[in-house]
Amino acid sequence: MESTRKQLIELLEKQEGYISGQQLSDSLQISRTAVWKHMNELKKDGYEIEAVQRKGYKIVSYPDKISTNTLQWGLDTKWMGQNLYHYDQVESTQQIVHEMAKQGMPHGTVVVADEQVRGKGRMARNWHSPKGKGIWMSILLRPNLPPIQAPQLTLMAATVLAKMISEESDLKPQIKWPNDLLVHHKKVSGILTEMQAEHDQIQYVVLGIGMNVNQDLSEIQQEISHKASSLKIESGSHWSIPKTIQSILRQFEITYDQYVKEGFQQVKKEWERYGYKIGEEVTISTMKKTWEATLIGIEPDGALKARDRSGNEEKLYSAEIHW
Ligand code: BT5
């Protein structure tokens, strides 16, 4: 039942226009009546399906409501999100995935929540995660890497999100070092990577993704409204959250597998393609000095590389950049 529905959605998604009831019944090896029953179940779960006589069926819009079903149906990944949990409300999805990691859950386990009441940013900052308005999700990864390479996973995840946004809309996302996703200079998404390591080996990584999707302008918290935005505000249209999550998971699996096989080079290239103010001059401050430099790219250890006006290159780890 479950797997038939999953296949059904995959067939509907692959088809450009309509797919006939007969074609579906042949491909799935079920009766036309069974196809019709499945269609009704999909509608109950929030899929809008158009049925036209002599043409067949087509998905017109995807459900808004997140459930384990709407997230897993149509998700054609090998390992990413195949073990997936959805909650209405949690303190933080990070915390849940840490627990799951300790219990031995597999690589690619995903936890998604409609709302977080104690969403975390980096360095104990808060992450606003209002109900039903965005993607609040943590992914469990078990990479075979030394801890020193963990920052590469954050950089990689940022390219995944940038690519997803470019593919699903006309928006031109940019990645602000180290982990912010910007659209029109405003933050729409942030990444939080937490790692457990032992004996020079990563045990597991919990990679958290927060993405503002369907907030209207009035729904962005006042104190961050000058610097934060949502995909809806910037694109002018509503996004299906389950479909957007699936696009992230699909893109993540492809990019991660390529990274494991081929190394950091491709991630670096992609990152720099989307990099905010790469090739531009900015003001940089550390405890000791303030200077002007051109940002030139990222390094395998996650550092941002800059060149000052005399041509000296410097690797930045924690400097303040006046964007
Ligand atoms: C981040 O931190 O950008 C990482 C955010 C990661 C959130 C995800 S959601 C799923 C998972 N579960 C969690 O509990 N966390 C992860 P940072 O770079 O420190 O940015 C935090 C700063 O961004 C805050 O201090 C605010 O200024 C601002 N901010 C807070 N909420 C925001 C939002 N929803 N959109 C844009 N900016 C926000």
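This is a predicted model: local features need pLDDT of at least 70, side-chain atom pairs count only at pLDDT 80 or more; totals for chains, interfaces and linings use all residues.
**Annotated regions**

UniProt, in an unreviewed entry, lists residues 72-260 as "domain: BPL/LPL catalytic". Over residues 72-260 the chain is 29% helix and 29% strand. Over residues 21-40 the chain is 85% helix and 0% strand. Here the end C-alpha atoms are 13 Å apart.

**The annotated binding site**

The feature "binding site" is placed by UniProt (unreviewed entry) at Gln 116 and Lys 187. Gln 116 belongs to strand β4, which covers residues 110-116. Gln 116 has 25 other C-beta atoms within 10 Å, and a residue counts as buried at 20 or more, so Gln 116 is buried. Leaving out residues up to four places away in sequence, Gln 116 touches Val 90, Glu 91, Ser 92 and Thr 93, and also Ser 129 and Trp 136.

Lys 187 is part of strand β8, residues 186-198. Lys 187 has 18 C-beta neighbours inside 10 Å and therefore counts as partly exposed. When residues up to four places away in sequence are not counted, the residues touched by Lys 187 are Asp 180, Leu 181, Leu 182, Lys 227 and Ala 228.

**Gln 203 in strand β9**

Gln 203 sits in strand β9, residues 201-212. Gln 203 counts as partly exposed because it has 14 C-beta neighbours inside 10 Å. Apart from neighbours within four places in sequence, Gln 203 is in contact with Gln 196, Ala 197 and Glu 198. Gln 203 and Ile 148 are 55 residues apart along the chain, and their C-alpha atoms are separated by 13 Å.

**Backbone features in loops**

The peptide bond that runs from Trp 177 to Pro 178 is cis, with omega near 0°. Pro 178 is located in the loop between β6 (174-176) and β7 (180-183).

Two residues have a positive phi although they are not glycines: Met 123, at about 50°, and His 185, at about 70°. Met 123 lies in the loop between β4 and β5 (134-141). Met 123 has 6 other C-beta atoms within 10 Å and so is exposed. His 185 is found in the loop between β7 and β8. His 185 counts as exposed because it has 11 C-beta neighbours inside 10 Å.

Two packed helices are described by the angle between their axes and the distance between the axes.

| Helices | Angle | Axis distance |
|---|---|---|
| α6 (residues 150-168) and α8 (residues 241-262) | about 130° | 9 Å |
| α6 and α9 (residues 265-274) | about 55° | 9 Å |

Helix α6 packs against helix α8 at an angle of about 130°. This angle makes α6 oblique to α8. The crossing in which α6 passes α8 is right-handed. On the α6 side, the residues that meet α8 are Met 156, Thr 159, Val 160, Leu 161, Lys 163, Met 164 and Glu 168. On the α8 side they are Thr 244, Ser 247, Ile 248, Gln 251, Phe 252, Thr 255, Tyr 256 and Tyr 259. The residues of the contact of α6 with α8 comprise 8 nonpolar, 5 polar and 2 charged.

With α9, the packing angle of α6 is about 55°. The helices α6 and α9 are therefore oblique to each other. The crossing in which α6 passes α9 is left-handed. From α6, the contact with α9 is made by Gln 152, Leu 155, Met 156, Ala 158, Thr 159 and Ala 162. From α9, the contact is made by Val 267, Glu 270, Trp 271 and Tyr 274. The residues of the contact of α6 with α9 divide into 7 nonpolar, 2 polar and 1 charged.

Met 156 and Thr 159 of α6 are among the residues that meet α8, and both are also among those that make the contact with α9.

Key. Residues are numbered from 1 along each chain as its sequence is written. UniProt positions are given in the numbering used here, feature names are shortened, and annotations may be inferred rather than shown by experiment. Helices (H or I, at least four residues) and strands (E, at least two) are DSSP runs, numbered from the N terminus. A residue is buried if 20 or more other C-beta atoms lie within 10 Å of its own, exposed if 12 or fewer, and partly exposed in between; C-beta atoms are placed from the backbone. Two residues are in contact if their C-beta atoms, placed from the backbone, lie within 7 Å. Axes are lines fitted to C-alpha atoms, for helices over the stretch in contact, and angles run from 0 to 180 degrees between N-to-C directions. Angles under 35 degrees count as roughly parallel, over 145 as roughly antiparallel, 65 to 115 as roughly perpendicular and the rest as oblique. A crossing is left-handed if the near helix is turned anticlockwise from the far one by less than a right angle, and right-handed if clockwise. Ala, Val, Leu, Ile, Met, Phe, Trp, Tyr, Cys and Pro count as nonpolar, Asp, Glu, Lys and Arg as charged, and the others, Gly among them, as polar.
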